[in-house]
Amino acid sequence: MHVDSTLSLDQVAAGTPALTRLAAQAEVRSAPPPKDDGPLYAPRRKIYPQSVRGLFRRIKWAVLLATLGVYYLLPFVRWDRGPNAPAQAVLIDLPNSRFYFFFIEIWPQEVYYITGLLILASIVLFLMNAVAGRVWCGYLCPQTVWTDLFQAIERLTEGDRRDHLQRDGRKWTADTYARKALKHFLWLMVAWWTGGAWVLYFADAPTLVKHLATLQAPFIAYAFIGILTFTTYTLAGHMREQVCLYMCPWPRIQAALTDEYALNVTYRYDRGEPRCAVSKANELRARGEPAGDCTNCKQCVHVCPTGVDIRNGADLGCIQCGLCIDACDAMMTKLGRSTGLIGYDTDINIKRRMEGKPGFVKIMRLRTALYAAIIAIAGGIMIFTLATRESEGLSSIHDRNPMSVRLSNGAVRNAYTIRIVNKQLRTRDFILAFNGLPASLIDFVGVPPREDGQLLIDVGPDTTREVRVLVTDYGDTPPASTPIVFRLTDVATGEQAEARDHFFGP
Ligand code: SF4
Ligand code: SF4
């Protein structure tokens, strides 16, 4: 379509909607390019977060103690599984390919439970996000928790925001160096213990601690402790908010998942603006002119661990930790004003209040109901399959070359490798039988049949046993392929497992 370039934009805009669009595009094309002379690299602005007291700070301390307590102490929790199994409640037993979680034992072929758990965890994350924004980022994410701990150590050694800023701004003295040295030493100790706790999940913790202390532990344990000490020290001590701003994909994903009904840490600009000092606000109000409740004290900015000014609106850098709520509430309380200038609120509420309508919180929405339903269904399926999973397993692999052999007496023989899994912590006796070929016999290679002719095989506790099985058909020449079924029966309990395969003719 051609647009007459002699028409003015106003004339075009007065025309059809299509022309209006074209006019707008032409305007954009003819507009001068935006100035692009800013630096491509923005140097990092060091953040000195100020300590704060309040509800959300207390919640964060509680979460920090609970999560770090679990992480550091869990490897030492014992769980009696009997004489043939490890006594550690949570253990990733790589040499034996097992994962133990209290009463649950996951075998390598059951790794789909871990996949299911990860899917479940991600949907829970989506639900948390739909209800109350970045709860994960603000309270539970390991980066947040360790950074919080490292910042607490920093305040302990270098003082709170003002002292720290002043000391860094002055010429460094012996005291400054001593404080910084102590801080880095404590950081390294925490980082070292974090790496140390990680490797304890992969071996019997008390034994490994002894071996580590006496330098008898395997090299890989020391290597992993070293790597994790370095990453914890670097990420929580030095990179801090940079991880959230530049490395983590979750802020971008969550921005796409949120909606106007999600509760987020929000500056209620309808109440806070126009900002003015207390005396000025009193003057304006006395004259009947509007004055907001925000005094521009910047306490909310000073306590922010990522350096965000929440008053500028939603920001990817805001991890929704709620500390600015505590800071602003303290300021409002001091001024005798009602708290909540910054609080958990929704976009829709701000819009409604501007229109003079009351706000509301709507937790149950289509997306939250959908997430909750998926969690309930997936969780239910996982619990059901875990509760009803069998403690024995059977699989068969047919010999490929040759597929079948004709014996000198005319019979046809096929060979299989049968794998029997015993997931119980005791030795079990199994009888292996098969059907599908009426005139046939089954033999174990190297295992004689019992007197009654049945094939009995014992499998040790929590192990797998492979046996070679020969099936010989003495009937008429079998067809090219006949389906057969191997059946395993526990002699003591009668529990059964089956494996399907084929018998091939010559
Ligand atoms: S703006 Fe507030 S909620 Fe967001 S990260 Fe900073 S202190 Fe936490
Ligand atoms: S703490 Fe509250 S009053 Fe102070 S600048 Fe922030 S929003 Fe305004």
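Which residues surround ligand 1? The close-up views below, taken from a predicted model, start there.

**View 1. The shell around ligand 1.** Val265 is one of the residues around this ligand. Cys304, Pro305, Thr306, Val308 and Ile310 also surround ligand 1. So do Cys318, Ile319, Gln320, Cys321, Gly322 and Cys324. By class, this shell has 9 nonpolar and 3 polar residues, with no charged ones.

**View 2. The shell around ligand 2.** Tyr267, Cys294, Thr295, Asn296, Cys297 and Lys298 are among the residues that surround ligand 2. Gln299, Cys300, Arg311, Cys328, Met332 and Ile342 surround ligand 2 too. Helix H15 (299–302) and helix H16 (323–335) each give two or more residues to the shell. The shell around ligand 2 divides into 7 nonpolar, 3 polar and 2 charged residues.

**View 3. Helix H6 packs with helix H10.** H6 covers residues 142–158, and H10 covers residues 219–239. Their axes lie 8 Å apart, at an angle of about 75 degrees. H6 is therefore roughly perpendicular to H10. From H6, Gln143, Trp146, Thr147 and Phe150 take part in the contact. They meet Thr232, Tyr233, Leu235, Ala236 and Gly237 in H10. The contact residues comprise 5 nonpolar and 4 polar, with no charged.

**View 4. Helix H8 and its buried residues.** H8 (residues 174–199) has 26 residues. From first C-alpha to last, H8 reaches 38 Å, close to the 38 Å expected at 1.5 Å a residue. Its buried residues include Thr176, Lys180, Lys183, Trp187 and Val190. Ala191, Thr194, Gly195, Gly196, Ala197 and Val199 of H8 are buried as well. The buried residues of H8 pack against helix H3 (55–73), H6, helix H7 (161–169), helix H9 (205–213) and H10.

How values were computed. Residues are numbered from 1 along each chain as its sequence is written. Chains are lettered from A and ligands numbered from 1 in the order in which they are written. This is a predicted model: local features need pLDDT of at least 70, side-chain atom pairs count only at pLDDT 80 or more; totals for chains, interfaces and linings use all residues. Side-chain values use heavy atoms; hydrogens and water are left out. Axes are lines fitted to C-alpha atoms, for helices over the stretch in contact, and angles run from 0 to 180 degrees between N-to-C directions. Helices (H or I, at least four residues) and strands (E, at least two) are DSSP runs, numbered from the N terminus. Angles under 35 degrees count as roughly parallel, over 145 as roughly antiparallel, 65 to 115 as roughly perpendicular and the rest as oblique. Contact means heavy atoms within 4.5 Å. Ala, Val, Leu, Ile, Met, Phe, Trp, Tyr, Cys and Pro count as nonpolar, Asp, Glu, Lys and Arg as charged, and the others, Gly among them, as polar. A residue is near a molecule or strand if one of its heavy atoms lies within 4 Å of it. The expected span of a helix is 1.5 Å times one less than its number of residues. Buried means under 20% relative accessible area, exposed over 50%, partly exposed in between (1.4 Å probe, protein chains only).
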